[in-house]
Amino acid sequence: MLQRGYHQQTFHQRADTCNGRVLPRGGEILTAFEPRIVAFCCNWCSYAGADLAGVSRLQYPPSARIIKVMCSGRLEPQFILKAFELGADGVLVAGCHIGDCHYIAGNEKAKVRVEMTKELLDVLGVDSRRLRLEWISAGEGTKFADTMNNFTKELEELGPSPLKEVI
Amino acid sequence: MTKIEEFIEETGAFDCVECGKCTSLCPVANINSDFAPRLIVVKAQEGLESEIKRDKDIWSCITCEICNDMCPYEVDFSGFIQRMRVEAVGMGNVPVCSEAGAVQTMQRITGMGQKQNRLAWLTDDLKVSDKGDVYYFTGCAYQLGILFNDKAPELKEIPANVVRIMNAAGIEPVVSNKEVCCGHDQLWSGDEVGFIDLMEQNVEMIKETGAKKVVFSCPEGFRTFNIDYQGFLGDLDFEILHISEFLMNLIDEGKLEFKETDETVTYHDSCRLGRHAGIYDTPRDLLDAMGVEFVEMASSQEKALCCGVNAFTNCNEASRQLQMMRLLEAKQTGAETMLAFCPKCVIHYNCLLSMEKMPIEREKIDIKVKDFSNFVAEHMK
């Protein structure tokens, strides 16, 4: 058979062909471990909850990067997988309480998807405790701050994500 | 000579321009009149970067290889497409991925060096070993079963069922937690570097187990090892077997027995197993040995229709139409079940069947689509 020539890569570099990005995968130098959380918050409840936590000057670790989505039901498993692939230590999905969804039942869909993604993460070797689903309403600023505190603490115990190369 | 010219030469694709038989046979061209295989070659031959950047047709090809099979000049058109996609991605021409690309990301994650929990399906009653002659490559059927839980949950049972069948014949296969995805979807969606990474990890891992035979239940893994791995690395020092061949050997040795049944089934030749790898007979022999009533569809073997999607990219109207055409044929045979080896075929057909609204009456295409390995395990004594 005709053999195709290829150059062995000295470093891992892969392309995400689905959005045309080359993913750099270098190592990360860790001094003190500070978990990085990607938090998907729904526009109508949880994002407003996060806002309230800020306005009320509640203290919580600055470890989360909040991404606003219109509804927690907008969340696809890919968003979560992608966050982990790019080096997140934890992913938080926050939406309206069941029954309170602005779009009637988006959060119920989110619940099913998050459970399924948890199962997948376990098989992939990423501890499913790194993915969390919480219902936080617009009035629950304290719950948002508490969730962040607890989650950060739990992630500190779990250590850095196994998908990161730590030097 | 540029890289594109080089592989046009290697695959012989320049012959397409003059002939065009591929275009008359292509199932996608039949549905979408804007699409023509030879047009892609013409554009590539011109080598204009601006053309290649805009050309979405290279993602519309479903790589079913009907063109390769019928080509009078023996052009390797799907090989041309495979390598054209790598070039296109380099120029920023990317496909639209199903599930926003979750499948590809999941597969890339398997190769990131963490300790996987890949053998989550392994229950206590199944006997496997760490070292031995027969390695069973489980592939990503279990993970796909989780991801497509609403469409084809039975995929989760494939690895366990295959090991169960092997155990019944007195074989304790080697399975490994270090296995990563075969990289099929990476290669066919233009990520050659990601593919090579996965390939090297897999070959290294199999060498460590000392296996002489590697058995695949998934046609895509089988094709990828057989054609793509050996294309990159030269001949591998282990035998690559599809589960249907492996089981036929066991049946010939009288090691497997089956229950009596009066079920009628039809068999869908997945393109990776059929046209890509040339395995048509063993699945049919297997059904015969099982004593299952088997009916052939109108287009079968080399002429089998395709499930309409490859590597989870560009699932569109044409894909739906192709799936519908296949299910229509399957239903017309009067069989209760359509069997397929490829987990992705099972997902794609069940995806169509799970739709609430259909352009055709549901009764006309409503047939059970099941995985072959699971079917064999169910009918074992």
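Colleague: Why is B:Arg38 called partly exposed?

Modeller: The relative accessible area of B:Arg38 is 32%, and since buried means under 20% and exposed over 50%, with partly exposed in between (1.4 Å probe, protein chains only), B:Arg38 is partly exposed. The model is predicted, so local features need pLDDT of at least 70 and side-chain atom pairs count only at pLDDT 80 or more, while totals for chains, interfaces and linings use all residues. Residues are numbered from 1 along each chain as its sequence is written, chains are lettered from A and ligands numbered from 1 in the order in which they are written, and side-chain values use heavy atoms, with hydrogens and water left out.

Colleague: Which residues are in contact with B:Arg38, leaving aside its neighbours within four places in sequence?

Modeller: B:Arg38, which lies in helix H5 of chain B, is in contact (heavy atoms within 4.5 Å) with B:Cys16, B:Val17, B:Glu18, B:Cys19, B:Gly20, B:Cys22 and B:Thr23. B:Asp15 is 23 residues from B:Arg38 in sequence, with a C-alpha to C-alpha distance of 8.8 Å.

Colleague: What makes H5(B) oblique to H9(B)?

Modeller: Helix H5 (residues 37-46) and helix H9 (residues 77-90) of chain B pack at about 50°, their axes 11 Å apart. Angles under 35 degrees count as roughly parallel, over 145 as roughly antiparallel, 65 to 115 as roughly perpendicular and the rest as oblique, and therefore H5(B) is oblique to H9(B).

Colleague: Why do E1 and E3 of chain B stand at the edges?

Modeller: The open sheet has three strands in the order E1-E2-E3 (chain B), with parallel pairing. Strand E1 (134-137) and strand E3 (239-242) each have a single partner strand, so one side of each is left without a neighbour in the sheet. Neighbouring strands are turned by 25° against each other on average, direction ignored.

How values were computed:
Axes are lines fitted to C-alpha atoms, for helices over the stretch in contact, and angles run from 0 to 180 degrees between N-to-C directions. Helices (H or I, at least four residues) and strands (E, at least two) are DSSP runs, numbered from the N terminus. Two strands pair if DSSP finds at least two bridges between them.
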